[in-house]
Amino acid sequence: MIPKIILSRGPRATRRLIGYLFGKGTANEHVDPHLVASWNDFAPDPGRSPHRDPRQVEDQLAMQLDQPVKMLGDRAPKFTVWHCPVRAAPEDPILTDAQWAEIARRIVAAAGIAPDGDDEACRWAAVRHADDHIHIAATLVRQDGRRPHRDHDIRAVQREARKIEFDYGLRRLKPGDGTAAKRPTSKEVFKAKRLGQDATSREILRRRVRWAMAAASTEAEFFALLEATGVDVRPKTEPSGDVTGYSVSLPGDVNKQKEPIWYSGSTLASDLSLPKIRKRLSITAPEPVAVRPGNPWHQATAATERIPHHLIHSSDEVAQSQLDALGGALDLLPPTAPDAARAELERAAVAFERATRSRIAADHASARALRRSIQTIWKDPARHEDGTGLAMLLDVALTAVAYAMHWHRTRQHIQQQAAAEQTLIHLQAAYEQIAEPVLAGLADRKPSHQTRHRYAYHLRQAVPEHAQRILTDPAWDALTTVLAVAEAAGHNVATVLDQALSQRTLDDAHSPARALTWRIRRLGERHPPGPRAQAASTPHSAQRPSPLLPSVPFSSEFKGRRR
């Protein structure tokens, strides 16, 4: 159940609201508008007065609601109208008028508009013009001339809504921390359905702005990328000539006056305001020195593989920046994926967006490596390879998202935890579609039986606790192929196994064979050590678990996500 508080002002604010609630709606969506409750339970009802002109009854209702405000004259508050739509979830049962009436009384009591038993409270009326929601209209002067005590009314009505969901057996929403992106209004949702759109203009614009922010290295590039997606951009320019903000609009999305509907960045999401985007770009902008050459897929995978370590051992500010960078990576990855997996990757990015924001300020400088490597991948489509790079990146991203879910849970970020959990579902589906053909291709090139037997011996020596599970894993043949490739390139098999095992524990890997396949694929492409270095290295001397991430008892909850 979602309540939303809107304040209005002006001499005709109450009358305009009543006219809208009892009217046909912007697209004739209002059906049988009528009162279900009011401050005195016998307020005039324009929807149930068949022998009177409805407009006259609307005038009478607005006048009675406004009476305490008019009595104050010039001493009336700036905002005089409190409007609260309360909407049930689509899967909830249809509530009766009596049930909605009780819900309305609980909401106005929780908000301080009309506390229980207070005969001098504010005047209010609850209007129903659809099966799934009501609108509560109230005026913000009590009948005794005082102001209502409505401190923190937004949080108060949200808490009451959670109780109502429990009491009525409705879908139970997660309590938030005030950092969620603004939800589309009912008008926006209805308009999107009428136009045959899968998402509202607000949601489409938020995705495109987030994508441009993840891809851009400079402010100029950010605005250029936005325009390249077909978005109209309107900078907010001060008299001094300084640009202090921006608004975006979708071509063809217009109001009744045929004017474009603009959304400022901050109304799309709190982290999409121009000052916050500038701060991020200034911290993560490319340095004037040359970037260290290397495979960007490997660099992105290594950076993502370090995220669990940061979530456990680094400060909350660093951890938050890692989640934010991971969200940016998911935003940019869909174009690199095969068509069959692209939709699931896009769903994962949309779901994880909620997990990237909390009240904790991010230290963006600590996540440069992941941001830059992902930007390099996105800017060079020719390097998408055969899917191996994306598969190995998603393999470590799954673990990172599982740790993100745990990190949010320990900090009681309920909505973010749920978002990470939903992300795992879509990310796992995308990973399976991408990894399976890559692993099958590697398995087709498996070395001889004698060579595989030798690799099995080295494996048992290196990691006896996981050896049997790896040897019976369908990915074992693929693992032997990458070991053979590494050996052919000059690497010592025992050494490269130890290096792969030292990167991080296999305890939380659903498929240790897959995890080792991707790690050895990366290690095998490095320049092999010289004869002296190989002679000096002692096989199986690497300490496990690695210093990168000490062994952490992992619950079956996390392992179960990696199906």
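Which residue forms a salt bridge with Glu353, and how far apart are the closest N and O atoms? Select Glu353 and Arg206: the two form a salt bridge (a side-chain nitrogen of Lys or Arg within 4 Å of a carboxyl oxygen of Asp or Glu), with the closest N and O atoms 3.9 Å apart. Glu353 lies in the loop between helix H13 (339-352) and helix H14 (368-379) and Arg206 in helix H6 (residues 201-215), so the pair ties together parts that are 147 residues apart in sequence. Helices (H or I, at least four residues) and strands (E, at least two) are DSSP runs, numbered from the N terminus.

Before going on, note that this is a predicted model, in which local features need pLDDT of at least 70 and side-chain atom pairs count only at pLDDT 80 or more, while totals for chains, interfaces and linings use all residues. Residues are numbered from 1 along each chain as its sequence is written, and side-chain values use heavy atoms, with hydrogens and water left out.

**Whole chain**

Zoom out. The C-alpha atoms fill a box of roughly 95 × 55 × 40 Å along the principal axes. The secondary structure comes to 23 helices and nine strands. Of the 563 residues, 51% are buried; buried means under 20% relative accessible area, exposed over 50%, and partly exposed in between (1.4 Å probe, protein chains only). The whole structure holds 36 salt bridges.

Return to Glu353 and Arg206, both of which are buried. Next select Arg210 and Asp331, whose side chains meet in a salt bridge at 3.5 Å, N to O. Arg210 lies in helix H6 and Asp331 in helix H12 (residues 316-332), so this pair ties together parts that are 121 residues apart in sequence. Arg210 is buried at 5% relative accessibility, and Asp331 is buried at 15%.

**Helix H14**

Select H14. The helix has twelve residues and reaches 16 Å from its first C-alpha to its last, close to the 16 Å expected at 1.5 Å a residue; the expected span is 1.5 Å times one less than the number of residues. Its buried residues are Leu370, Arg371, Ser373, Ile374, Gln375 and Ile377.

**A separate salt bridge**

Select Arg150 and Asp153, which form a salt bridge with the closest N and O atoms 3.0 Å apart. Arg150 is partly exposed, with a relative accessible area of 22%, whereas Asp153 is buried at 6%.

**Two positive phi values**

Select Lys258, in the loop between strand S8 (243-249) and strand S9 (263-264). Lys258 is not a glycine, yet has a positive phi of about 65°. Most residues other than glycine have a negative phi. Lys258 is exposed, with a relative accessible area of 66%.

Then select Gln412, in the loop between helix H15 (388-410) and helix H16 (414-443). Phi of Gln412 is positive, near 60°, and this residue is exposed at 66% relative accessibility.

**Last stop**

Select Ile520 in helix H21 (residues 512-524). Ile520 is buried, at 0% relative accessibility. Asp498 is 22 residues from Ile520 in sequence and 10.0 Å from Ile520 in space, C-alpha to C-alpha.
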